[in-house]
Amino acid sequence: QVHMAESGGGLVQPGGSLKLSCKVSGRPFMNDAMAWFRAPPDQEREYVAAISWSGSSEHYTDSVKGRFTISRDNSRNTVYLEMSSLKSEDTAVYYCTVVRWPDKPISNDYWGQGTQVTVSS
């Protein structure tokens, strides 16, 4: 059974930074492209960023380019999302999942509980 465990969210002031982690189990992690999605309050889940299986390619939605960085550690089965210059519109529950490059989730079963990020003064 595939399991995604997101962590690292919290309350941060505008302009602040956070680093999210997602540990994956139940699947050969290093074969997969991984992505972060987010669900803002009362909105549909949306794509944020993706990283190739090797980590050599990254892709971002326009609204986070230059502020967010996705990375991975295949030895730890973990993907990260480093967020800086955070804005109120970044407030959302953040999820990671396995994707077909760059933003197509491969299964509706590969979602975790997510981690809440709240940007507020």
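**Figure 1. Arginine 45 over the face of tryptophan 111.** In this predicted model, arginine 45 lies over the face of tryptophan 111, at 3.6 Å from the ring centre. A charge counts as sitting over a ring if NZ of Lys or CZ of Arg is within 6 Å of the ring centre and within 35 degrees of the ring normal. The charged end of arginine 72 likewise sits over the ring of phenylalanine 29, 4.3 Å from its centre. Local features need pLDDT of at least 70 and side-chain atom pairs count only at pLDDT 80 or more, whereas totals for chains, interfaces and linings use all residues. Residues are numbered from 1 along each chain as its sequence is written, and side-chain values use heavy atoms, with hydrogens and water left out.

**Figure 2. The aromatic cluster of Phe37, Tyr47, Tyr95 and Trp111.** Ring pairs link these four residues, Phe37, Tyr47, Tyr95 and Trp111, into a cluster. The structure holds 3 aromatic pairs; rings of Phe, Tyr and Trp (its six-membered ring) pair if their centres lie within 6.5 Å, and planes under 30 degrees apart count as stacked, over 60 as edge-to-face and the rest as tilted. The pair of phenylalanine 37 and tryptophan 111 is edge-to-face because the planes stand at 85°, with the ring centres 5.4 Å apart. Phenylalanine 37 belongs to strand 4 (residues 33–39), while tryptophan 111 is in the loop between strand 10 (104–105) and strand 11 (115–119), 74 residues apart. Strands (E, at least two residues) and helices (H or I, at least four) are DSSP runs, numbered from the N terminus. Tyrosine 95 and tryptophan 111 also form an edge-to-face pair, with centres 6.0 Å apart and planes at 85°. This second pair links tyrosine 95 in strand 9 (residues 92–100) to tryptophan 111, 16 residues apart. Phenylalanine 37 has 6% relative accessibility and therefore counts as buried; buried means under 20% relative accessible area, exposed over 50%, and partly exposed in between (1.4 Å probe, protein chains only). Tyrosine 95 and tryptophan 111 are buried as well.

**Figure 3. The disulfide between cysteine 22 and cysteine 96.** The S to S distance of the disulfide joining cysteine 22 to cysteine 96 is 1.7 Å, and the count comes to 1 disulfide under the rule of a pair of cysteine sulfur atoms within 2.5 Å. Cysteine 22 lies in strand 3 (residues 18–25) and cysteine 96 in strand 9, so the pair ties together parts that are 74 residues apart in sequence. Cysteine 22 is buried at 0% relative accessibility, and cysteine 96 is buried at 0%.

**Figure 4. Strand 9 and its partners.** Strand 9 runs antiparallel to strand 4, to which 7 bridges join it; two strands pair if DSSP finds at least two bridges between them. Alanine 39 stands opposite valine 93 in strand 9. Strand 9 also pairs with strand 11 in the antiparallel sense over 3 bridges, and tyrosine 94 stands opposite threonine 115 in strand 11. A hairpin of 3 residues joins strand 9 to strand 10, with valine 99 having proline 105 as its bridge partner.

Figure 5. Most residues other than glycine have a negative phi, and most peptide bonds are trans. A cis peptide bond, with omega about -10°, joins tryptophan 101 and proline 102. Aspartate 42 has a positive phi of about 60° and is exposed at 87% relative accessibility. Serine 85 has a positive phi of about 50° and is partly exposed, at 42%.
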